[in-house]
Amino acid sequence: MNAQTGISTVHLIGVGGAGMSVVAELLHARGCTVSGSDQNPSSVIDRLQAAGIDAYVGHDADRVPADATVVVSTAVRPTNPELVRATERGQSVIHRSQALAYAARGMRFVAVAGAHGKTTTSAMLTIALAEAGEDPSCAVGGIVPQFGTGAHLGGGDIFVAEADESDGSFLNYHPTVALVTNVEPDHLDHYGSTEAFEQAFVDFAHRIVAGGTLVCCAEDRGARALAQAARRDGITTLTYGRPEHCEAVPDVTITDVATTDHGSSAHLCGPDTLEATIRLAVVGDHNVLNAAGAWAAGCALGVDAGRLANGLSHFSSTGRRFELRGQVGSRRVIDDYAHHPTEVEAALRQARIVADGGEVTVVFQPHLLSRTRAFAQRFADALAHADHVVVTDIYPAREDPIEGVDSGLIVAHLPGAQWIPDMHEAARLAARQTGEHGIVMTMGAGSITQCADDVLDEWRNGDVQ
């Protein structure tokens, strides 16, 4: 069977990944028989096993059920033994996004896309809808504390999903509402050019169902251009932003923005007398923008504006998004998934507010060689917002080595930054560099999240100079 006619048994290759594990949980909740494999052990594999999913470590062709629809992502190589076996048998092989669309069948689908901000925005919208009584389903690439997972199958008719533009797979969706946080060029290894990347978002907007709505952040040049193109093509469009940061007054205006080391607030005013004040438990102007996008999307679904605003106040964070991992005395270690220059700068600005005068040290693990090559200077500029910068070796993920591309490309643009290849050694150095009331941020989309304990251990051992 396939995603169009139905799935009863499914096997996911790379099930330990953030996006794949969410699909596994949702299909399991739908009543499918679910199995999956991943190269490395992880807490995600443990969680899936505890939920009753046959998740295991290592790729073993003999464990692929002969009657299963096999789900893959772009990261799965054609030589993977499980994929080879499925192909030899003539089994149905579909992309993760197709499986997710199947899990969301029959619901109003909200797809949240953008080079950055989509995980937080998706989670904000999910929590706001839940608190407003809509009981939504979701597929978010991070842990939503209220659910203990990024996947939830609710009883309502709304499904919120983080839509991945990295490989063009977001074009497999037909959303009722498409929310675009930004169209900032990334994943040029896949698209080949900025123009091709931007065209993919135009194509995405045209996937919206009849009567649906495109929601775009008017503060981002690319998203603003997308909104203008969509309107010309007759697509209902809502823009949002702070008027002073936009070329023209957006449909949803954000005013009276205030942010402290404890939270943020702002006033939102939209069309048709829509209006609300949001009070958030998270810090930073970027989170105010994320919340405004979520509010606008919820309003586009017809949910009460005041109830959405109240629901947003219940959002605390998602896993690996400015996540406090521990504290020793007055020093804190915070883990963050930021892996694009704009995200890195936003996270460090947030850290500055939270540190309230204390030092900010970042241990940054670049993600992907192609991204490092394309944005080395911009990464250096973003990392310069920290007092101390330690850069580890690049986490290559799906990529093969590229001659001449290493973390030295970033460090060369940032005097005072240090390149320490081993991430654990880098984390311990960062701990020693950070004084009282300081913050160490472990940052990146790869394995750097493992290093928060190195920082805490260094502090507990009393080795801080």
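Visitor: How do you know that F364 and F379 are buried?

Guide: Buried means under 20% relative accessible area, with a 1.4 Å probe and protein chains only, and both F364 and F379 are in that class. Please note that this is a predicted model, where local features need pLDDT of at least 70, side-chain atom pairs count only at pLDDT 80 or more, and totals for chains, interfaces and linings use all residues. Residues are numbered from 1 along each chain as its sequence is written, and side-chain values use heavy atoms, leaving out hydrogens and water.

Visitor: Why is the pair of F364 and F379 called tilted?

Guide: Rings of Phe, Tyr and Trp (its six-membered ring) pair if their centres lie within 6.5 Å; planes under 30 degrees apart are stacked, over 60 edge-to-face, and the rest tilted. The centres of F364 and F379 are 5.2 Å apart and their planes are at 40 degrees, so the pair is tilted.

Visitor: And what makes F170 and F201 edge-to-face?

Guide: Their ring centres are 5.2 Å apart and their planes are at 75 degrees, so that pair is edge-to-face.

Visitor: How do you know that the charged end of R63 sits over the ring of Y56?

Guide: The rule asks for NZ of Lys or CZ of Arg within 6 Å of the ring centre and within 35 degrees of the ring normal. The charged end of R63 is 3.7 Å from the centre of the Y56 ring. R378 likewise lies over the face of F375, at 5.4 Å from the ring centre.

Definitions and conventions. Buried < 20%, exposed > 50% of the residue type's maximum accessible area, 1.4 Å probe, protein only.
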